[in-house]
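Me: I would like to go through a structure with you. Could we begin with the terms and then turn to the details?

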Amino acid sequence: MLDGFYRFKEEIIEKCVECGFCFEKCYAYKKTNYPIWLHLKDFFKDQKDAKNIKRFINSCIYCKYHEYSCPNGLILTELLPTLRNDLSQIYPGFGWAPGIVPSFLGGIMKSRRLYSWWRYMNNLLISEEYREKWDHRREPKKREVVFFSGCGIQLLPDIYYTMLEILEKLDIDFGLIDGHYNKAICCGTVMFLLGNYKYGKKVLTNLVKEIKKFGTKKVIIHCSTCNWGLTQIAPNILKDFDLEIIHASTYIADLLEKNPKLKKMLKPLNEKRVYAIHDSCHLVRGGDTEGARKLFNQLPEASISEMKHNKLNAICDVYCILRALPHRPLDLMFKKDNIPISKEALDGNANVLTSLCLGCHAIQSLLGQNIFNTFGRKKRRIPLKNWTIILGEYLDLPKRRGIEFWLKHFITRPFKDSLLHWILKAIKALLFGYLLNRIPPIRIPKYLAANKNMVKKNG
Ligand code: SF4
Ligand code: SF4
Ligand code: SF4
């Protein structure tokens, strides 16, 4: 058996009866005609038929249909990362990309250079002064919880800023770890998904080491993919992984429920809101379907309208794009409800749509309605707000311009709020991070600079 995901492989070897129900509607099966379920056990044990397994995986479009469809109760959410990681150990050049994308792109995407690009972006988008403001939270010392920001949130600075201010305002004793900013630290999930097992394990190990410096095992997560990776994948990769992972919305909901004084800090807005919650497929597959609902139910004068597709049946934006790209790519830009999430929210009489996943929030902002709503003067039919920004409104935190504003303002004042500013930063990061594979200059926080001086003084 190859390294990683032992528990999952053993479970399949012991319990799968090879009936094939889970792949009944599988796109990769229809495309390749390869009954993968009959070969999983031999592949996991002795890597037999690796070539066909690879062919199958390269046709997969990540619709996730197979994950919860086993009549024998097996949950297959770890199947794809397991197969990709075994394949990456058999074929060192292997990299996964969805079936409709040319496979050489998989190799490009799984490169650790992707992280160098990301790290550059994270350095370029959040201002130096703002980083400095939170250095006291980064200083390793005993804390009640650690907040691991993830990497994605730093590409949407308004959400990053608001999240930190919420934790501060609610008087939470937290230590802060930023994903892929000053150090190569990450949950590794994207690398595991793309098949770069080695680098994924390295950055995950770094993350666990950093968390331990705060003397706690409790970790609050904002990114729903991190939440999934740290609950479902990490325990399969690191044998002694024993952290308690909690999504930030759930952590805050529990805190408010237990503490009426904190709950009183939530002030009603001057409008009644009905929220449509667009669930994140990764968050629900990590087992958290209720946290955000518990939080929204505590907001004054607010209610929830459930969407037709919710929880485990939630519509994934990425899948909608992958489904449309090969046959009708222009629909994604010009058709009214190319991704039917806004429509479902409106059908349920909601007046605000909130996505629990940062990626979906970004995709919804860009492609959620049509190109005229995105870039033109036309307003969205239903406003889209991240749950963090919504909570910030009830806590009366400063309002900031976010992705929707940038998309509508190619050049504006201040220049940092312009779409052009974001594009220029992305190009710079691509050049230095991906193409030249450089690491951005490392910023030494004040608490470390002071130590350095002390060491110098004492010889
Ligand atoms: S995620 Fe891939 S393997 Fe699973 S059902 Fe969809 S196409 Fe098939
Ligand atoms: S449905 Fe369940 S038992 Fe049948 S092949 Fe799939 S995992 Fe195995
Ligand atoms: S899953 Fe989280 S830490 Fe991992 S790459 Fe995405 S944002 Fe970063």
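Predicted model: local features only at pLDDT ≥ 70, side-chain atom pairs only at ≥ 80, totals over all residues.

Me: Good. With those terms, is Asp 173 buried, partly exposed or exposed?
Reply: Asp 173 has 33% relative accessibility, so it falls in the partly exposed class.

Me: Which residue does the Asp 173 side chain meet in a salt bridge?
Reply: Its partner is Arg 143, with an N to O distance of 2.9 Å. Arg 143 lies in the loop between helix H9 (135-138) and strand S1 (145-148), and Asp 173 in the loop between helix H10 (157-169) and strand S2 (174-177), so the pair ties together parts that are 30 residues apart in sequence. Arg 143 itself is buried, at 10% relative accessibility.

Me: How many salt bridges does the structure hold?
Reply: There are 28 salt bridges. One of them joins Glu 271 and Arg 273, whose closest N and O atoms are 2.5 Å apart. Glu 271 is partly exposed at 41%, whereas Arg 273 is buried at 5%.

Me: What about Lys 343, which residue does it pair with?
Reply: Lys 343 forms a salt bridge with Asp 347, the closest N and O atoms being 3.0 Å apart. Both residues belong to helix H20 (residues 341-347), and because they are four residues apart there, about one helical turn separates them. Lys 343 is partly exposed, with 37% relative accessibility, while Asp 347 is exposed, with 54%.

Me: And which residues are linked in a network of salt bridges?
Reply: Glu 128, Arg 131, Asp 135, Arg 138, Asp 178 and Arg 443 are linked in this way.

Me: Changing topic: how many helices and strands are in the protein chain?
Reply: The protein chain contains 26 helices and seven strands. Its radius of gyration is 22 Å, close to the 23 Å that the globule rule gives for 459 residues, so the chain is as compact as a globular protein of that length. The C-alpha trace spans about 65 × 55 × 45 Å along its principal axes.

Me: What share of the residues counts as buried?
Reply: Of the 459 residues, 56% are buried. The accessible surface of the chain is about 20900 Å², and 57% of it belongs to carbon and sulfur atoms.

Me: Lastly, which residues are closest to ligand 2?
Reply: The closest are Cys 16, Cys 19, Cys 22, Cys 70 and Asn 72, among 13 residues that surround ligand 2. The shell divides into ten nonpolar residues, two polar and one charged.

Technical notes
Residues numbered from 1 in each chain as written. Chains lettered and ligands numbered in written order. Heavy atoms only, no water. Near = heavy atom within 4 Å. Nonpolar A, V, L, I, M, F, W, Y, C, P; charged D, E, K, R; others polar. Helix = DSSP H or I, 4+ residues; strand = E, 2+ residues; numbered from the N terminus. Rg over C-alpha atoms; globule rule 2.2 N^0.38 Å. Buried < 20%, exposed > 50% of the residue type's maximum accessible area, 1.4 Å probe, protein only. Areas by Shrake-Rupley, 256 points an atom, 1.4 Å probe, with all protein chains shown as cover. Salt bridge = Lys/Arg side-chain N within 4 Å of Asp/Glu carboxyl O.
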